[in-house]
Amino acid sequence: MISLKSEREIELMRHAGHINYLTHLEVAKNIKPGISTKALNDIAHKFILANDCEPSFLGFEGYPASICISVNDEVVHGIPSKRKLKEGDVVSVDIGVSYKGYHSDSANTYIVGNASKEVKDLVENTRKSLYEGLSVIADGVKISAIGKKIEDFAIKNDLGVVRELVGHGVGTSVHEDPDVPNYYTTDNTRLKAGMVIAVEPMLNLGGEDIYLEDDDWTIRTEDGLPSAHFEHTVLVTKDGYVILTGE
Ligand code: MG
Ligand code: MG
């Protein structure tokens, strides 16, 4: 069931989203060669609690950490560990923050230091594909229009679109209806003002195929090439959308 949010619920989600944005800034300024992904997780965990919020992912379906950090060929759901970042790594950070029971979900991908032009283009074009997808959002528009925009942009830039994982509604659960795929479907469900959704393209430098690692969480690209991930939680309005996980 797709829920429409009240003014009060939207205010709570706006606050959760703002703390999510600030948590991303805290993590981003600590991304450098030599830091472990566990240390980044702990920085985010402390910051979220210090702001009277909770990390949405900790314990969600048994997930063992506060945020997800996926490096290079890891697409999403990488579990923070003792692994240390090094020059040229592609680091996708996915953060969920809840406030008074209302969630927000947002992801950014960073490059540690320098990287090849094709890797820089992967990250920049994945970021752009998110805004391409968001650009069509308004009351009455088919949800499939978002995925069409993202998929067209990815194909134009020769990137693989991950299909097994999709965006989603957000509210009192971090994952609610509806699904928001990053590719075109024939589904006729339409957006409505008051819906809150997470749009989250995951694009690969190589092919679209992925696999689940033995830890039952980490998703990797089949061909071992890097992947990038950007995500915002947005409120659908009559004429467009408002990003809840921004400034
Ligand atoms: Mg996320
Ligand atoms: Mg999400």
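Along the sequence, the donor residues of the magnesium ion (ligand 1) follow the spacing D-x10-D-x125-E. Donors here are N, O and S atoms within 2.8 Å of the metal (3.2 Å for Na, K and Ca), and sites may look incomplete because water is not among the atoms. This is a predicted model, in which local features need pLDDT of at least 70 and side-chain atom pairs count only at pLDDT 80 or more, while totals for chains, interfaces and linings use all residues. Residues are numbered from 1 along each chain as its sequence is written, chains are lettered from A and ligands numbered from 1 in the order in which they are written, and side-chain values use heavy atoms, with hydrogens and water left out.

**Magnesium ion (ligand 1)**

- This ion is coordinated by D94 (OD), D94 (OD), D105 (OD) and E231 (OE), at 2.0 to 2.5 Å.
- D94 in strand 4 (residues 90–99) and E231 in the loop between strand 13 and strand 14 (232–236) are 137 residues apart, and the pair links distant parts of the chain. Strands (E, at least two residues) and helices (H or I, at least four) are DSSP runs, numbered from the N terminus.
- D94 is buried, with a relative accessible area of 7%; buried means under 20%, exposed over 50%, and partly exposed in between (1.4 Å probe, protein chains only).
- E231 is also buried, with a relative accessible area of 1%.

**Magnesium ion (ligand 2)**

- The protein donors of this ion are D105 (OD), H168 (NE2), E200 (OE) and E231 (OE), lying 2.1 to 2.2 Å from it.
- The spacing of these donor residues in sequence is D-x62-H-x31-E-x30-E.
- D105 lies in strand 5 (residues 102–111) and H168 in strand 7 (residues 167–169), so the pair ties together parts that are 63 residues apart in sequence.
- H168 counts as buried at 5% relative accessibility.

**The bridge between the ions**

- D105 coordinates both the magnesium ion (ligand 1) and the magnesium ion (ligand 2), which are 3.2 Å apart.
- D105 is buried, with a relative accessible area of 2%.

**Helix 3**

- L130 lies in helix 3 (residues 117–134).
- L130 has 2% relative accessibility and counts as buried.
- The C-alpha atoms of L130 and H232 are separated by 8.1 Å, and the two residues are 102 residues apart along the chain.
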